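Good morning, colleagues. Please have the sequence and the three-dimensional view open as I speak.

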Amino acid sequence: MDNQSVIVWFRNDLRLHDHIPLSQALQRYDHVIPVYCFDTRQFRTHSLGFPKSGPFRTKFLLESVADLRESLRRLGSDLVVRVGHPEKEIAKICRMVNTNDVYANKGVSREDHGIEMTLKQSLGKRRLKLFEGNTIILPDDLPYKLRELPDIFTAFRKSVEGRKLIAEPLPLPQIVPPLPKDIEPGYIPTMAELKMSEVPSDPRSVMEFTGGETFGLQRVRNYIWNTRNIQSYKDTRNHMLGESYSSKFSPWLANGSLSARYIYHEIRRFEKEVLKNDSTFWLIFELLWRDYFHFVAQKYGKKLLRSGGIRDKKGPWRYDKELFQSWREGKTGVPFIDANMRELNTTGFMSNRGRQNVASFLVKDLNVDWRMGAAYFESMLIDFDYSSNWGNWNYVAGVGNDPRENRYFNVLYQAQRYDPNGDYVRHWLPELSAIKDHKVHQVFRLTEYEQNLFDIHLGANYPWAITMPAAWIEYY
Ligand SMILES: Cc1cc2nc3c(=O)[nH]c(=O)nc-3n(C[C@H](O)[C@H](O)[C@H](O)COP(=O)(O)OP(=O)(O)OC[C@H]3O[C@@H](n4cnc5c(N)ncnc54)[C@H](O)[C@@H]3O)c2cc1C
């Protein structure tokens, strides 16, 4: 083949809409070879005993890649799929079909950067051209250099809000040229081949999450346009049950099946055509948090993963595997925590309110090393995103971007405020279903007589609370 060809390497950007590298490649080259490589390192077992990328996210990823392949086939091309180390597999394809360049969106994590460096070296004269395209505001459009990024979100938000810099998302390509004949497209591995067990869907889940751009775009249509649930986002966003309390865009955003810039413009269009209110403002506000954590991760690099976090702070944390295990399994004896962890373990999802509470409980009430919790979230969350996960854990542990010193979530107060009738807890802990209303949050205070009455036997069919911080007494 002639040498006018380029590889578009798909990474955490599994979409065709608003895809800058693909769009540029289609403008500049006759032959475009879309490639995705499953990185086997992602499926390895972590030293704490669970896979780095667990079964929920893996299933979602497999669906997303299959959807991308289908879409490319409809446009006349295909997706070349490989399993291995992307830096090696991409270089192999380059040599085989003699491509000129590799186009891709830039990664955020330390691992991503390592892969990019190695690939660059093995490409020799060919170029690895990296683009920025997974945030609403692109780094070049920030009114300062990344190293000058404010350490407080409000300052960042004010610096970018109202600026007319956010370009419209790029449209879907109409056609993608066919793959060269001599390239084998490869097949998408199964869960078993990636050493993952299947995950059955659970009717108690907030919703069915199916990976892929097609389903992501459908979710945007549903949440914003069909149900117009966006109109009440500000009032419902702290709830924990059902599909409508928040957007649930996160899994598709995390692997890039949805572009944040596309969502941003859909919200703006809704504001123009239907309604602009506190809720539409608030959804953009939250999406800006996502951008912010992305930039924080770039500014601070590997500090984000260190015990002292981006602030180099010392904490009282212990590497206590036993306490961590109780937390992880949802066996702490604190119903609000256990219910949230059971939701995570059963579905791969947890509400933002839940995440804040379980993280704070692990770090501030159990004094367990926050990085153990962050690693577990990395494994379990269907929407794991490097910057948002590690950035939020930094924040909750008090080593990140929280301007308030020693912020403490009183879990008992939070439980009674955000689950006032105990519905959420009973939804996930059916063994406590006999305990009506908010009393379910204080199961650890039941008398012997009450335990018999409700058929709850602490220490037998529900654990004793592993801690009862003094600060809870106020809410007994
Ligand atoms: C300890 C902890 C770990 C977290 N880990 C992740 C993670 O790995 N991936 C992830 O996407 N979010 C993470 N979050 C942020 C937040 O909980 C989820 O983005 C949100 O619950 C996803 O549900 P949603 O899409 O319905 O959110 P919505 O409330 O509908 O918000 C819309 C979008 O805004 C963004 N967003 C909202 N809140 C935050 C936030 N606090 N930080 C960054 N972005 C935000 C997300 O992209 C989200 O999809 C974490 C929060 C905490 C406290």
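Predicted model: local features only at pLDDT ≥ 70, side-chain atom pairs only at ≥ 80, totals over all residues.

Ser351 sits in the loop that joins α12, residues 335-347, to α13. Is Ser351 buried or exposed? With a relative accessible area of 1%, Ser351 is buried, because the cut-off for that class is under 20%.

From there I turn to the ligand. Its shell consists of 26 residues, and the closest among them are Tyr233, Ser246, Ser247, Lys248 and Asn352.

Which polar atoms of the protein lie at the ligand's oxygen atoms? An N or O atom in the side chain of Tyr233 is 2.5 Å from a ligand oxygen. For the side chain of Ser247, the corresponding distance to an oxygen atom of the ligand is 2.6 Å. Phe249 takes part through its backbone, where a polar atom is 3.1 Å from an oxygen of the ligand. Taken on its own, the ligand has 810 Å² of accessible area, and the protein covers 96% of that.

Which helices supply at least two residues each to this shell? They are α8 (250-254), α10 (278-300), α13 (352-365) and α15 (386-397). Of the contributors, α10 gives the most, with 5 residues. Sorted by class, the shell holds 12 nonpolar, 8 polar and 6 charged residues.

Let me now move to the surface. Met468, Ile473 and Tyr476 together make a nonpolar patch of about 300 Å². Ile473 belongs to the segment that follows α18, residues 448-454. Its relative accessible area is 53%, and Ile473 therefore counts as exposed, the cut-off being over 50%.

For a contrasting residue, consider Leu217, which lies in helix α6, residues 213-226. Leu217 has a relative accessibility of 16% and so counts as buried, since that value is under 20%. How far apart are the C-alpha atoms of Leu217 and Val97? They are separated by 34 Å, and the two residues are 120 positions apart along the chain.

To close, I return to two points. Thank you for your attention.

Note on methods: Residues numbered from 1 in each chain as written. Heavy atoms only, no water. Near = heavy atom within 4 Å. Polar contact = N/O pair within 3.5 Å; in protein donor to acceptor, adjacent residues only side chain to side chain. Areas by Shrake-Rupley, 256 points an atom, 1.4 Å probe, with all protein chains shown as cover. Helix = DSSP H or I, 4+ residues; strand = E, 2+ residues; numbered from the N terminus. Nonpolar A, V, L, I, M, F, W, Y, C, P; charged D, E, K, R; others polar. Patch = residues over 30% accessible without salt bridge, like charges linked within 9 Å, V, L, I, M, F, W, Y side chains within 5 Å. Salt bridge = Lys/Arg side-chain N within 4 Å of Asp/Glu carboxyl O. Buried < 20%, exposed > 50% of the residue type's maximum accessible area, 1.4 Å probe, protein only.
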